[in-house]
Amino acid sequence: ADATADAASATAASDTVAVVATAAAATLTARKQLLVSGYPIYTEPHNVERLFTKFQMPVRRLQVLTTRDQYCGLAAFVQLESETDVHSVIEKVNHGGPGNSHLRFRGHELLAALWHDQRPPHLSELPTVVPDPHNDNTLVAGAWGADAAAAADSAGFNGSNAAAAAAAPKKDSFEAALYDPFKLFPPRRKMSQMVLLQMVTREIKAGFNSEYHEMIGTKTTYMDKISEFNSRITEIRDELKARSSDTAPLFEPQLADIEKDGSVLVVSHGEITAEVYVSPEEQARVKAEAEAEATRARNKSADDPTERALKQMMGGVLESNKGAAELETLPKPEWMLETPAPADWTEEQAKLAKEWEGAAKRFKEELEKRRKALDAELKKLREDVDDTTKKFDEHLAEFGARRNAADGRLAEIESWVVACGVEAETALDDDERRQVAIAEELEECKRSKVGSGAAVVNFRREVDTAREKHEACMVEDRAMDKAFKRDFADLEEFYDACYALFKRRKNPPRSSININDGGQGGGQRKARQSMRNMARRVSQAASKMMVRNARASQTSSNTSFSIDRVAGMVARSSINSINSMNSEYEDDHLAAALVLASKHDPFSGALGGPVTEASRRPKPPPVESLDEPHDRPEGMDATWWDRLVEVRERKIAKENEVMTLKAALEEMQRYLGKISDEDGRTQGRIDELIAEVHAFGEERYSKLYDLSVPLRMRQGLVEVIMPELSLGGAGAAAAVHADQMLLHRTVVEDLNEVIRRHGGGKVDTLAAIKDFKKGIYDLQWENTKLEMDSVDLVEKTKQLQLARVGKNFQEILKGAAGEGEASDTKSELASLEARLDHNRKLHARHVAEKKKELVKMSGRMQEKAAQNDEISSQVQEMDVSVGEQLRIREQREGPQGAPNMGNSSARSVRSTGSAGGGGTEVAAHERKMRAMVTQRKLQDIAKAQSDEMMLLRSELERARLRTFPSFVERTSAHPDLR
């Protein structure tokens, strides 16, 4: 026992120590919990956490809470590491602002205090208990423990704001597994988000389907209630029959086909328009069943106790209307039926008749009470049906709101799925293909750049070589000029003529050739000279064509060609052409014929070959050889002439060589410029592709973090006018998206306040302008009035001046000569003034009396109107009661009671019947007549009162005019309108 007591005491002591330790730990934790309020409604949790990051204080827990304050709608529960941090935060928040004031966040003052301290009124709705850790917001700066990490991993797409903290999704739902919309930058995560969103869609649809089935059950319950009410209404109608004024059809709701499960798959016989095929076996089976049913019915009807009892007891029917007819009046005793005449009754029978009449009267009263009770119950049932329908409509409206919310949520999720799909496909498909295409084009351009660069370098070397040869040939050409001057300096008298022939490249015009001329020697020389010229031109054209062919072969094969080889070919072709022409055309007649043919040939100067820049340039005139008979100076030695011709031929050949080299150099320079331009374009394209690669990389990186975040906006807060969806309308939608901006509501409200303030100032300015103009108009009106008064005074003065002056008038103007006359005038004026005052008082008293009479008449009119309304309502009630009495009398008259009544009874019945037959029409005429008489009397009274009021007004006007005499002529127009 001692050991047990010691153990018990030890256990109690340990429990007490544990409780004390737990309480101490809770108190210690409570000192580390903090409440920071004053944040605007759009503040994010990471903005709250940033405050403690700024103070370099670690945060263990953070949860954003919503308050009822619309301006400062968010508060934060924060748990720090130590009490010192808590007190430091409270001090810095409450006194860390400018001038030892509160810290401000986006223009809002912040307030910090311990979680369990007393709170201001706008924070009274926040719970005093510590919030649930499962609703904590994810910490951005650093999570504390596995719980925070799990919370960060399982945060939903709306878990970052206060609304989601208040309505967090279930942990076992797919919505809790959604990614945060600000963490969907990897494309693969967007694809996972699409799958999760589709599962969330299935969850929402499944939840709504369960609510739909519950709504179907609710509708069935209300339908059952309404059917019960309808059955009772039917019973009351059957009992009241034609005495009930309720003839409206019954409201019998039914389930629509779309509300029944599987109704789409059920086909009724009425929906089958084609003839149903029945097999012979089915027809035989149906016929056998019909025969068996007929046999069973015959056997049953032979001796059916149910049918026999129905015939014996109920007359063959389950319902009968005789009971209702019998209950209309109390049945008469048999002696009254046997002796219907009251004169034949005994005293005892008369007493019994009086008792029967009292019983019949009480029976009718009870019957009337029951009918009224049934009417009241019928009205109550109608009201119950209406109330039930209204309640179901309310349930249906709530269900419709839930349906709209579910549809909106599904539309939001579907739009998010589409956005994630578009972004993922763009990132994984379109952007990848575009990046590969840019990379391939860049590699191709680099390879082309390597080949074009090498070709430009090599060809530039060849162009330099050709330029050097051209310059050397030009030096040789100038040297030949100097050699000619040196060699022919000895011909003093022929030097100028020889130098002119040396420089001449075209012969002067000479007389034409006549083949039939008698001088054969001169004609032969002319033909021979023309043949030489033509041969020279042909040789020059051949040399040019060879040069062009050489350039074309160089352009097509991208191989270097030798200028020496081209010049050699040109020289050899020229010499061979000249020699061949000199040897071929020895015959003078043949030479003359060729000259004539060349003159008449339209294609004599046309040559083949590609058209180049050199071919488009104007050609120099052809160089013609010297003609010895015409060009040789007289007295010049033949040796010097031959030497001159030889030197000139060499000079011409050298000039042709210079021109050939120049043309080749120009063509090579043109081709060099062409391939240099192509190389530059290739390099420019490479630079563009490199810039495009960098720009595309930046664009793709920005797209990666340019996320589509779903936002729930009210309809009136979205002011962007989106264009209608149509083919080719993507540009307009993109322009609208580029021009739109997301703003917080406070920004718009502040702007509206500024606009309202400026608008109020403008309104005040306009009001001041209006008042000022009103003063101007008042002054103008006053000036006009004074002008009119002056005109009136002038007219009065004229009237006084033109008035006839009598004796009395002269006395008044000049004044009385004596004192007695003055006293008489004063007494007369005093009496007139006293009379005027008396008339004024009398007039005021008359006006007051008439006003009192007017008030009394108005009160009487109102009383009469109220009495008329009351009488009309009583008339309506009496019409209803009279109609009911007439129906009762008509129902009392019948074939059963009329023959058994006495003469007086029959007479009263006949009179009643006649009144009942035409009473309704007569009563209607009487009511109409009374209404017309009443209306006529009221019209006469109203007319008399209006005439009396007009008379009083005219009397009042005459009294006012007598009281205030005026000499001004009365006008009907206003002074402003004159």
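**Entry 1: a tyrosine and its ring partners**

I began with Y499, which is partly exposed at a relative accessible area of 23%; I call a residue buried under 20% relative accessible area, exposed over 50% and partly exposed in between, using a 1.4 Å probe and protein chains only. I note at once that this is a predicted model, in which local features need pLDDT of at least 70 and side-chain atom pairs count only at pLDDT 80 or more, while totals for chains, interfaces and linings use all residues. Residues are numbered from 1 along each chain as its sequence is written, and side-chain values use heavy atoms, with hydrogens and water left out.

I then searched the whole structure for aromatic pairs and found 12, where rings of Phe, Tyr and Trp (its six-membered ring) pair if their centres lie within 6.5 Å, and planes under 30 degrees apart count as stacked, over 60 as edge-to-face and the rest as tilted. One of them joins F484 to Y499 as a tilted pair, with 5.7 Å from centre to centre and 40° between the planes. This pair links distant parts of the chain, since F484 belongs to helix α11 and Y499 to helix α12 (residues 495-503), 15 residues apart. Helices here are DSSP runs of H or I with at least four residues, strands are runs of E with at least two, and both are numbered from the N terminus.

Is F484 buried or exposed? I count F484 as buried because its relative accessibility is 1%. I also noted that F484 and Y499 belong to one aromatic cluster, together with F488, Y495, F502 and W640. R643 lies over the face of F488, at 5.5 Å from the ring centre; for a charge to sit over a ring, NZ of Lys or CZ of Arg must be within 6 Å of the ring centre and within 35 degrees of the ring normal.

Helix α11 spans residues 347-487, and I next looked up S452 in it. S452 counts as buried because its relative accessibility is 17%. Which side chain does S452 meet in a polar contact of 2.7 Å? The partner is the side chain of D679, a polar contact being a pair of N or O atoms within 3.5 Å, where within protein one must be able to donate a hydrogen and the other to accept it, and residues adjacent in sequence count only if both atoms are side-chain atoms.

T388 is also found in helix α11, and I list T388 as buried because its relative accessible area is 9%. When I leave aside its neighbours within four places in sequence, T388 is in contact with Y222, I226 and F229, contact meaning heavy atoms within 4.5 Å. I looked at Y222 again from another side: the charged end of K225 sits over its ring, 5.5 Å from the centre.

**Entry 2: the strands**

I turned to strand β1 (residues 33-39), which is mostly covered, with seven of its seven residues buried. Six bridges join β1 to strand β3 (residues 74-80), and these two run antiparallel; strands count as paired if DSSP finds at least two bridges between them. Within this pairing, Q33 has Q79 of β3 as its bridge partner. On β1 I also traced four bridges to strand β6 (residues 111-114), again antiparallel, with L35 standing opposite A113 of β6.

How many bridges join β2 to β3? I find seven, and the two strands run antiparallel, with V64 bridged to A76 of β3. Strand β2 covers residues 59-66 and is mostly covered itself, as six of its eight residues are buried.

**Entry 3: two C-alpha separations**

M861 lies in helix α22 (residues 819-892) and is partly exposed, with a relative accessible area of 41%. A732, in helix α19 (residues 730-739), counts as partly exposed because its relative accessibility is 40%. I found 8.7 Å between the C-alpha atoms of A732 and M722, which are 10 residues apart along the chain.

**Entry 4: the chain as a whole**

Last, I looked up the totals: the secondary structure of the protein chain comes to 23 helices and six strands, and 23% of its 978 residues count as buried. Among its contacts with a separation of 6 or more, 74% come from residues 24 or more positions apart. The accessible surface comes to about 68300 Å², of which 56% belongs to carbon and sulfur atoms; areas come from the Shrake-Rupley method with a 1.4 Å probe, and for residues only the protein chains shown count as cover.
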